[in-house]
Every structure is written in structure tokens, then in C-alpha cells.
Amino acid sequence: MAAILSRRDLEFLLYEWLDVESLTVRERFREHSRETFDAVLELSASIATKDFAPHNKKADANEPVMLPDGTVSVIDEVARALRIFAEAGLTAAPFDEELGGLQLPMTLARASMFWFQAANAGTSSYPLLTVGNANLLVAHGSSEQVEQWVRPMLEGRFFGTMCLSETGAGSSLADITTKALPQDDGTYRVSGTKMWISGGDHELSENIVHLVLVKVPGGGPGVKGISLMVVPKFLADGTRNDVTLVGLNHKMGNRGTTNAVLAFGDGTHPVGGQAGAVGYLVGEEHRGLAYMFHMMNEARVGVGFLATALGYTGYLQAVEYAKTRTQGRPPGDKDPSSKPVRLIDHADVRRMLLAQKSYVEGALALGLYSSLLIDEQQTGETEDARRRAGVLLDVLTPIAKSWPSQWCLEANSLAIQVHGGYGYTRDYDVEQLYRDNRLNQIHEGTHGIQGLDLLGRKVVADGGAGLRLLAETIGAAVARAEGGDPAVVEHAAAVDAATRRLVEVTKLLWSAGDPAATLANSSLYLEAAGHVVVAWMWLEQLLAAAGKEGAFYEGKRQAARYFLRYELPKTAAQFDLLADLDRTTLDADPEWF
């Protein structure tokens, strides 16, 4: 059985590049050390391998079912794995000690969760959503809400969701119609239907804490009128709330996570003889979307990690298959009686493996770097350091979500190709990994939405402060390469040139005075910017590997060489098209389709 992940790569990124051990000098992390970090990662790898991975295929083949009584049937192994996860303290790990947490740095918490995402995308999504839900309530909820809902979530007794989309609104949150009416006792009565709710209903926990976007009277139209409510499946006294499962969506992949259509307040479970789900306001009225973005941005980085995890484990399976499967002979061998060689002995197979390696290891570096920015934003030694980390994280978040979702899916496609016909069958895992990963370009903001966010908001916010800081940070890495290995210097020059082009094209796009034309190709901009950022990630890894010998480091250098010679040059044509303010898509009449 192929490994789920590379422990060696995680160690290299965490300790040799990011130097996460240095975080332990900070007050919040002072109780930690390299030993405690390693212990958490070892425990995570063990539980992921023994308790999550074995039922991955079974959960895919036996998706959740809504029973006639409205309950949901999920295979038994899911509940068992989640119980073990919670009992190990992993749900609470990054939270404050006073909440039962370990105050683990976010970088380590993400690395820990990465094992579970690689082992079983479906089962790992329940705690991932719950942690995001709890983080939001800790940041924006009242102390009573934290005690009532967060503590049981961190203990693994309650799970959490986020309820944004509706059947008629989709990703356009300005158009949601779910409403909440204030009551004399300070609660609200919520009514409406939510769609695509991951973990929306099940019998895996004592309760489910829904965070629901609603409209409260007096808020006005659009997103500024949105408020955020806690709407639990069961109230604090055990009374069933008026939240009803309408149905489960039957998905292409990621089937182990229930995905629900939920009716709030339809009167199926009236509370106190009255229809309407009881809800509790988070923060202030009409500021709900700002609060929800706390969870959404965290979820977006988490989606990037999930995409990376699925691509990574598929890559490792492709490597193992290519090293054991024999087929064909070298181009120069004309003797039909000679023994077939391994697949990996063919140059084109190595091309596909190098592509996968460059995508998944580059994406993992980006995810961990983004996580370190969260730690820096929260615990940086100066106000300026914390501010800069936040600015850089804002501009990287759309890329950290979407780039892995696009290119680690391509890694999955290449893993299938390496397996040949067998890869297209259910006998091997790679076809499921592809199906599971296809979701990640869609949920938590589609690829197109992330492109609009990056080009339309993030790179121009505060006069372009985020883009300037990104270019400055990449420039610092380029400067560190000077005078070193000539190959690294060459690669650094390519990264520097691509970064300068990114800044130049961004300015040109926004000087056109035509927002429609500027944003028409924002997805292409996202892809090009993502390639520049991941090229920078590979430059950082080259610098961390400088002067070190052995197969692992040679593999890093070769993957970097591949990305910087095969992938980064693709951005030249993309930037040319963007600079032309090409109107092909704008000028295409809908009647032509």
C-alpha cells in the first residue's frame, strides 16, 4: 500500500524552510517544542492511517442515505473514526487552553489535519467544518455562545456547519431570502431553505450547530442587510429545533460527507407550538457576512489543503505503480526478447510524475506558508509584523484556495494516466481521488469567484498594498538567491521577471477605465498569478535545500526545475492576453451558443 503522505516532505517544509520551531519563543506557544510538534504529527499520521484511510473506499461506495423517518444512515466506521479524532484532542488542538485546547500553532494544526484530508476526504470534512465554526464563534460570538456551543464542539460532542447558499441564489449571497424575525425574549425565529450544506444532517453527534446567513428586518437589500445566526438542531434543553432535512444531494465524489438541503422553520418541528427555528444572533445585526468571512476565508485555505492532499496521495500512488509495473522497452532497445522495463524508466512517465510532484509539493508549500501567516497575524512580535502578515494573507487566500484546486486535480488526472487503463477502474484509488477533488474548484467560492476576488478586490485594496507586499516578499527571496548556485540564480531571475510582469499587467488592467473588460479574464489572471506565486514557493524550497545532498534534495531541485522551465513560461502568453484587454468573452453574444 502506497504511503498517504510524505513525512519527510512535511518535515522539510515545517522545520528546514519555515522554521516553525522558532514559534515556541512566543508567549502563546511557549509550552511547545519540536518534540510536541512531532508528537502531534506522529499521532495524526497514525490515526489517519489506521482509522480514516481504511474506510475511504467503503464510504464512497456506500454514501449516506436519508431513511423514511428523516434520519441519516452513515457507515459505522465514520462515527468511530471521528470519536477517536476527538478523544485524541485534535479538534481542540489550536484553541486556547481555557477551552481545552493545546494552543497549537495554526501551521502545525493544518499539517496535522492534512494527514486526515489525505486519508479520507469525506470523514475529515466533519471536524474541519466544526473547527471553522468554533473559530468564528470564539472571534465574534458572546461568552455565553462560546460556553453553550463551542465547548461541546471542541469536545467532539457537537459538530458545526456553515449555511450560506440557497437554491435560487447559489453563490450570490445578496439574493438570499432566509429571514429571521426578532422575538421578545431576544431570540429570533428563522425561516427559509438552505442548499449544499456539508455535514448538514446526520446522527454522528449529539447536536449540529448551524451558522446561518439570514435577512433581519431593517437591513436593506444586498449583502449589507445580512445577519448571522446560530441555529442548533437541538436547543440547549434538548428540544428539537425546527430544522428539517429535506433531502441529501447525491454527489460525484466526496460522498462520505453528507450534503443536505435544510428547511428552517417550516413547522415540521414547532418549538413552543410555533413554527420557526430558534436562532441566536452572532454579534450585531446586518454584519453577518463580515463575520461569516472569518469562517469562509479559513475554509478556503482548508479547501486548498484538501485539494493538495488528494493530489498528493494520488501522486504517491502513481509513483509506486510506476516503480512496480513493467511495460515496454527503451526507445533504443530493438530486441523483443529483452525484459520489459518499469514504467518509471520511460521519460514521458517521469514527465507526468515530475508534473504531479511540482504541483502537489508546490501547493503544500503555499498552504503551509499561508498558515504561518495566520500565526504571524495573531502572534507576531510587532504590530507592523501582524499587519503585514494580514495584508499578505488576504492577497494569497484566493490563490491558496483555487490554485491547488485546479492543479492538484490535474495531478490526479495524471495519476490516472500513469496507471493507464487500470487507473480508470475502481480497482485502484486514483479514480476516486479525482472524483473527490473535482468538488474543490466549486465549493467555498468557485474558481471564477476567486478570480474576481483577487483581481477585483485583493490586489487593488488600500491602493494595491497587498500586491506591493507580495512583490516585495518575492523580491526578498530573489535577492537571497544572488551569488549562489548558478541554476538557482537562473530560476530566481525567471521568478523575478514573472513577478514584475504580474505587477505591470495588473496596473495596465486597471488603467483601462473599463471594469467589465478588466475583469472579463479574471480567472486567467488568477491562474497566471497562481503560477507566479507557486514558482516563488519553489524558489523558497530551492534556497532551503541549498548545499544539502541526497535523493530527497535532488528530487526537490528537479521538481523546481520542472516547474520553472515547463510551467512558469506559460504565464507569458497569459499576461500578453491580459495586457491586450482581450474582449473575446465579452463580445460573445449569448445567442451564438
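**Buried elements, one loop glycine and a cavity**

Biologist: Which elements cover the buried residues of helix 18?

Modeller: The model is predicted: local features need pLDDT of at least 70 and side-chain atom pairs count only at pLDDT 80 or more, while totals for chains, interfaces and linings use all residues. Residues are numbered from 1 along each chain as its sequence is written, and side-chain values use heavy atoms, with hydrogens and water left out. Helices (H or I, at least four residues) and strands (E, at least two) are DSSP runs numbered from the N terminus, and contact means heavy atoms within 4.5 Å. The cover over the buried residues of helix 18 includes helix 14 (486–510), helix 16 (522–545) and helix 17 (551–567).

Biologist: Which residues of helix 18 are buried, and what arc do they cover around the axis?

Modeller: In helix 18 (residues 570–579), the buried residues are Thr 571, Gln 574, Phe 575 and Leu 578; buried means under 20% relative accessible area, exposed over 50% and partly exposed in between (1.4 Å probe, protein chains only). They lie on the same side of helix 18 because their arc is only 100°, taken from the directions from the helix axis to the C-beta atoms. The arc asked for is therefore 100°.

Biologist: Which residue just after helix 18 takes a positive phi?

Modeller: The angle in question is a phi of about 50°. The residue that takes it, just after helix 18, is Leu 581.

Biologist: Why does Gly 380 count as buried?

Modeller: Gly 380 sits in the loop between helix 9 (347–379) and helix 10 (383–419). Leaving aside neighbours within four places in sequence, Gly 380 contacts Arg 26, Asp 375 and Arg 386. Gly 380 counts as buried because its relative accessibility is 6%.

Biologist: Which strand is joined to strand 3 by six bridges?

Modeller: Strand 3 (residues 158–163) is largely enclosed by the rest of the structure, because six of its six residues are buried. Phe 158, Gly 160 and Met 162 point one way from strand 3, and Phe 159, Thr 161 and Cys 163 the other way. The six bridges join strand 3, in parallel, to strand 6 (residues 207–215).

Biologist: Which residue of strand 9 is the bridge partner of Leu 245?

Modeller: Strand 8 (residues 243–248) is mostly covered, with five of its six residues buried. Five bridges join strand 8 to strand 9 (residues 259–264), and the two run antiparallel. In strand 9, the partner of Leu 245 is Leu 262.

Biologist: Which helices do the buried residues of helix 11 pack against?

Modeller: Seven of the nine residues of helix 11 (residues 430–438) are buried. Among them are Val 430, Glu 431, Arg 435 and Asp 436. The buried residues of helix 11 pack against helix 3 (56–61), helix 6, helix 8 (288–324) and helix 10.

Biologist: Which helix gives the largest share of the lining of the largest cavity?

Modeller: A cavity is a set of points on a 1 Å grid over the protein atoms alone where a 1.4 Å probe fits but cannot get out, and lining residues have an atom within 4 Å of a point. About 180 Å³ of space lies in the largest cavity. Of its 15 lining residues, those closest to the centre are Pro 94, Ala 109, Arg 110, Met 113 and Val 131. The largest share of the lining, five residues, comes from helix 5.

Key
Pairing = 2+ DSSP bridges. 1 Å grid on protein atoms, 1.4 Å probe; cavity = no way out; pocket = protein on both sides within 12 Å on 5 of 7 lines; lining within 4 Å. Points joined across faces, edges and corners; volume = space filled by probe spheres on them.
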